[in-house]
Amino acid sequence: MARGWDSKSVEAQIEASAADGSPAPDEALPAERERQARRVHAQLCRARILQDLDVAQEPRYRAMLERALRDIEAQLTAIDGEATARQGRP
């Protein structure tokens, strides 16, 4: 049975990943998957806050959104710091 271009492309990506020595996404450590999930969640929250800030008129609501944005950005920085610390470990 013939394979389409998509499956060949995926196969090439898997082979390239194996040649790099980097683990396939399925082989990622559970802690790394959890960290990535937290990062995606924080990015989605940040996008929603920015969207709400664009249309917010009430000063108190805008102030609340700005505080939430600072908090989410601090969380993203902490998550990125975890990734950097993990890469530095032997």
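Biologist: Hi! Why does Glu34 count as partly exposed?

Modeller: Its relative accessibility is 39%, so Glu34 counts as partly exposed. Buried means under 20% relative accessible area, exposed means over 50%, and partly exposed is in between, with a 1.4 Å probe and protein chains only. Residues are numbered from 1 along each chain as its sequence is written, and side-chain values use heavy atoms, leaving out hydrogens and water.

Biologist: Thanks! Which residue does Glu34 meet in a salt bridge?

Modeller: Arg38, at 2.9 Å from N to O. A salt bridge here is a side-chain nitrogen of Lys or Arg within 4 Å of a carboxyl oxygen of Asp or Glu. Glu34 and Arg38 are four residues apart in helix α2, about one turn of the helix. Helices are DSSP runs of H or I with at least four residues, strands are runs of E with at least two, and both are numbered from the N terminus.

Biologist: How many salt bridges does the whole structure have?

Modeller: The search finds seven. One of them links Arg35 and Glu32, with the closest N and O atoms 2.7 Å apart.

Biologist: Are Arg35 and Glu32 buried or exposed?

Modeller: Both are buried. They lie three residues apart in helix α2. Other buried residues in α2 include Ala42, Ile49 and Leu53.

Biologist: Switching topic: which helix has the highest mean pLDDT?

Modeller: Among the elements, that is helix α2 (residues 30–55) with 95, while helix α1 (residues 5–20) has the lowest, 67. The term pLDDT is the predictor's confidence in each residue, from 0 to 100. The protein averages 82, and 73% of the residues score at least 70. Where pLDDT is low, the predicted coordinates should not be read in detail.

Biologist: Last one: what should the 26 residues of α2 span?

Modeller: They should span 38 Å, and the end C-alpha atoms are 38 Å apart, which agrees. The expected span is 1.5 Å times one less than the number of residues in the helix.

Note on methods
Predicted model: local features only at pLDDT ≥ 70, side-chain atom pairs only at ≥ 80, totals over all residues.
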